[in-house]
Amino acid sequence: MSYVIPIMIIALLLYAIYKNVNVYDTFVFGGKSACELVLSTLPYIIAVFVMIEVFSASNLNTILANMLQPLFNIFGIPNEVIGLILIKPFSGSGSIAVLEQIICTYGPNSYITRSACAIVGSSEAIFFVSSVYFAKTKVKKFGLMIYIALLSNFVGAIVACNICKII
Amino acid sequence: MNLIFISILLVGTIILTITSPQSVLETFVNGSTKAINLSIRLLAIYTVWLSILNIVQSCGLDKKLQKIMSPIINKLFGNVGHAKGDIAVNITANIFGMGNACVPSGISAIQKLDCGSKYITSTMAMLFILNVTSLEVIPTTVIGLLISHGASNSSNIILPTLIATLSSTICGITLTKLYFKIKKRNTP
């Protein structure tokens, strides 16, 4: 697996030589657009991260986890992964940290760990994507899209927990 | 987004004020510091990926990718005009789990789909839902994490993850299609 991306890069560079592309100039231009991109998305990333920090520092996530526990149990989701499901829409790196804790606590081969892995793999950081992707547009009204995204990730989590019981 | 942001911020700050008032400002600054640290890391990652994507585009490879992906894109998005190339790159990067490589192409595609409206359009919504329900076929980060903790058979999570991510993606696509169909009917 670790060879896929390196080989693709080598193939691309060779193809660029074949196509007579000025690789240096294109590469520099890519760097320039990256600077603009990060600068324009920075305020949005700050807003999302302040929200995440308040969310976990105030223990709001554990309070919410306790409140939602009965609902999650109906769908066969074990209590140990609820915290992970709640943090996942906010931050990808945050959920990887929670996943690492779960692996350390329950062992790499347990049912809890496998469910947690499938949950992380089936969803994405919704609030990060929604603020960063739309940073340069005028779009402010998402309608029900955020809720549809949250619901879809929840469905993914339900499937993840139940499929891991069988496989 | 505003509603969720204000509710979490307000409730969280109230709880913090009751439990430990001295940590309120510190929490805010901590969040912002983490955001800046991440942005610097993202700058490094985006520079590499945007440069690579730029080479891809100047070689005309994105046009070829677009041709291969065309049936799927047409089915999901309808007519998207010149955003098609970016969408093709974005979906491919998502499928191969190329970390943050999908973000620059995603932003560029969204910009090309932007018509200056305040409201999200159906094509933007579709790209958004594809990006947040994860299309990743092989969860490289998670497998790496499992191996580093000594998992005996780390690849046995590939199948459950694939089934879970397929269900979330299909659910997302269906709901999005349905949502915009109902919306269209209600606004003649």
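Chain B is divided into domain 1 (1-59) and domain 2 (60-188). The model is predicted. Between the C-alpha centres of domain 1 and domain 2 of chain B the distance is 22 Å. Domain 1 of chain B gives 9 residues to the contact between these domains, and domain 2 of chain B gives 9 residues. On the domain 1 side of chain B, 8 of the residues touching domain 2 are nonpolar and 1 is polar, with no charged residues.

The contact between the chains takes 78 residues from chain A and 80 residues from chain B. On chain A, the helices that each supply at least two residues to this side are H1 (4-18), H2 (23-57), H5, H6 (111-122), H7 (126-133) and H8. The largest share, 23 residues, comes from H2(A). The classes of the residues on the side of chain A that touches chain B are tabulated below.

| Class, side of chain A touching chain B | Count |
|---|---|
| Nonpolar | 52 residues |
| Polar | 17 residues |

H2(A) is bent by about 45° at A:Leu42, and a proline, A:Pro43, follows within four residues. After H2(A) comes A:Asn59, which has a positive phi, near 65°.

As for confidence, chain A has a mean pLDDT of 88, and 99% of its residues reach 70 or more. Among the elements of chain A, the lowest mean pLDDT, 86, belongs to helix H5 (residues 92-106), and the highest, 93, to helix H8 (residues 145-166).

How values were computed
Residues numbered from 1 in each chain as written. Chains lettered and ligands numbered in written order. Predicted model: local features only at pLDDT ≥ 70, side-chain atom pairs only at ≥ 80, totals over all residues. pLDDT = per-residue confidence, 0-100. Contact = placed C-beta atoms within 7 Å. Nonpolar A, V, L, I, M, F, W, Y, C, P; charged D, E, K, R; others polar. Bend = angle between axes of the 7 residues up to and from the residue. Domains from an automatic or database assignment.
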